[in-house]
Amino acid sequence: MGRVIKLYDEPFSVFEKPDLVIVPIGSVERHGNHLPLGTDTIIAQAISELTAKKLAERGKVVALMPPIWYGYTWSLRHMDGTVSVDPKVLTSFIEEIIVTMANPRFSRILFINGHGGNKEVLEIAIKEALIRLGPGIKVGFISWWDVLTKGDYEKLFGTVPMHACEIETSIMLALNEKYVDLNAIEGKVEPSERKVLKAIEEVRRTFAFGYLGDPKKADKEKGKLLLEIVSDRLASMLLKELKSSSGLEIE
Ligand SMILES: [Zn+2]
């Protein structure tokens, strides 16, 4: 029978073997004046819990680990409240978490990521950990917004996910209205065009208000729907991978 075990705040038996262990990861980063610093972690944790619940309904035992609240961030570093961990330190930190957690019982580990800046760090940490661990252990990560396609977002919101935008704000409204202050939004902020050569002054200009897009358009119901669709699809993807012998592919 499937079930979700929150390993960090409920007892579990040494005889239990989770089919999958989920670790949410986010950031402590400024999200305009309208969302909390912990937005990325709060969303990653919510999607982890929903996905775990859906896998449990389909017979899987899913263990939830406490989230990693701090991440690596560079584009919002100029704004109060943003805290970033040195990427080399964060890579080692995540690598050690994987290496010490993994064993024959905890052999399938997935990070659900809520923050763009963590992608490169997760990529390297997982690969290095897998080399150290050797055969039999499967580890991967997925950033929640990558579960859906650009077309899915355009259909639902008329835009794609951006920092502290209407999509992130809608999700936070859906999770708890206390997380959002809609009156603190200045107006629409256009994203800058993607360039090969980066300059810090351009990044600071783009993120002068700490958000992109038009968060005033945030909609609680759309946020709820998005959480459902993302966790549904993620659960289906994982179910397939947990059934197959090839396991979680990270590339
Ligand atoms: Zn965010």
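Predicted model: local features only at pLDDT ≥ 70, side-chain atom pairs only at ≥ 80, totals over all residues.
Residue numbers start from 1 along each chain as its sequence is written.

**Helix packing.** Helices (H or I, at least four residues) and strands (E, at least two) are DSSP runs, numbered from the N terminus. H5 (residues 166-175) packs on H7 (residues 220-243) at about 90°, with axes 7 Å apart. H5 and H7 are therefore roughly perpendicular. Axes are lines fitted to C-alpha atoms, for helices over the stretch in contact, and angles run from 0 to 180 degrees between N-to-C directions.

**Strand S4.** A residue is buried if 20 or more other C-beta atoms, placed from the backbone, lie within 10 Å of its own. Six of the six residues of S4 (residues 108-113) are buried, so the strand is largely enclosed by the rest of the structure. Arg108, Leu110 and Ile112 point one way; Ile109, Phe111 and Asn113 point the other. In a regular strand, side chains alternate between the two faces of the sheet.

| Partner of S4 | Bridges | Sense |
|---|---|---|
| S2 (residues 20-25) | five bridges | parallel |
| S5 (residues 138-143) | six bridges | parallel |

Val21 stands opposite Ile109 in S4. Phe111 stands opposite Phe141 in S5.

Methods: Parallel < 35°, antiparallel > 145°, perpendicular 65-115°, else oblique. Buried ≥ 20, exposed ≤ 12 C-beta atoms within 10 Å, placed from the backbone. Pairing = 2+ DSSP bridges.
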